[in-house]
Amino acid sequence: MSTSASVPRLVVAAPSSGSGKTTVATGLMAAFAARGLAVSPHKVGPDYIDPGYHALATGRTGRNLDAYLCGPGLVAPLFLHGARGCDIAVVEGVMGLYDGAAGEGELASTAHVAKLLRAPVVLVVDASSQSRSVAALVHGFASWDPQVRVGGVILNKVGSDRHESLLREALDSAGVPVLGVLRRTAQVDTPSRHLGLVPVAERRSSAVDAVAAMAAQVEAGCDLEALAALARGAGTLTGPAWDPAEALAALPGPPSQAGPRPVVAVAGGPAFTFSYAEHAELLAAAGAEVVTFDPLRDEGLPEGTAGLVVGGGFPEVYAGELSANKALREEIAALALGGSPVAAECAGLLYLCRELDGRPMCGVLDATARMTERLTLGYRDAVAVGDSVLAAAGTRTRGHEFHRTVVEPGAGAAPAWGLTAPERRVEGFVQGGVHASYLHTHWAAEPGAARRFVERCRTS
């Protein structure tokens, strides 16, 4: 059934990375929340880290909107799913406004998502090294695609009252209102390392302080009433919100078997912070009892565990502590050896290896992992090489790689995926009930993965 919704919403974008959109988007979410609004936080693209800060700012789950991983048709339904019951939504963009998947035109760019959401864009501009030229920059971004509505600009790193005056005077001719001015001050404490910002789970109290500082900057420098009014001008979205139960019901074949709810253990805690909220929602809708555990602290799996999901994160940072938890490592190895379903992505792949940077891991896979200087990053097209607990042979999917580690060998005798673009190679491991791969996928695009996994939990 088709429905319509008009959740007030803004997309926070920038001409390029490093302009300050994370500070503005997170600060804006926190500032609106402080005024008593229920704020729905979203992030364009596959990034797992920024949504953690968004969740801290709003008290709601940060969700991703990725037109490459999920397809353009799911962007609005997933947005509406996340924004249920909210007063306003803030969507943080990715890279520059018009930067999308390499070689794919506008696909998965912030501009593309803004158009799919019928949402106005607020452009965050680093004005630290310009004055009158800012008008040409903003005019270019606002006029490049007539379907993208740049409804306002927030000037970041402004040096003085005189500098602000020059910028405002220049922008008078660009036809885009200035909705905020943030001064050139010491940057909010958001430390980074080899894959971006340090996740919230690793620095909870200092992250709270950082989000509060972002909110204070935005509150002091931005016109929140004007920004809220711009958000209320977003177009109506027609169509249903995504629903995990409905997504599963729409799959071909018989529905999931009735019966006891198998316990699916999902790794969490500081070492495993990368996961999409929809994965747990789909597992639950497919009939699983989803229980989160922390491999850094818990010496055993949750009672009655029938299946294990280990997503992405930073096991390389916690290799010593993970290795020291020998009891848990041995229990995971026994679970896998017994044929129970195990789904491991990226960090999970490393954890299942024989060792990581010379430290013993679970030993499920006859492979070693180590840190390198080389960043592997990008979208991938893939096909399942054989049958596994997540996919039938021949299933096509889209994924994303993001790591500075290497696993040797890179694929087992039965690989998980055959990558078809941008390069052709096989990668990952399928053995027994184990599916381990570097590839991050979004199960909202492949709900059958959750159903298949839970069904295997019932029968293994």
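Predicted model: local features only at pLDDT ≥ 70, side-chain atom pairs only at ≥ 80, totals over all residues.
I take helices (H or I, at least four residues) and strands (E, at least two) as DSSP runs, numbered from the N terminus. With that settled, I counted 14 helices and 24 strands in the chain. The radius of gyration, taken over C-alpha atoms with a globule rule of 2.2 Å times the number of residues to the power 0.38, came next. It is 23 Å, close to the 23 Å that the rule gives for 460 residues, so the chain is as compact as a globular protein of that length.

Residues are numbered from 1 along each chain as its sequence is written, and side-chain values use heavy atoms, with hydrogens and water left out.

Next I looked up the overall box: along the principal axes, the C-alpha atoms fill roughly 70 × 50 × 45 Å.

Then burial: 57% of the 460 residues are buried (under 20% relative accessible area, 1.4 Å probe, protein chains only).

On to contacts, meaning heavy atoms within 4.5 Å. Of those between residues at least 6 apart in sequence, 76% join residues at least 24 apart.

Last, I zoomed in on G412, which sits in the loop between β19 (396–408) and β20 (417–421). Leaving out residues up to four places away in sequence, I found G412 touching G428 and F429. I also checked V430, 18 residues from G412 along the chain, and the two C-alpha atoms are 7.1 Å apart.

Note on methods:
Buried < 20%, exposed > 50% of the residue type's maximum accessible area, 1.4 Å probe, protein only.
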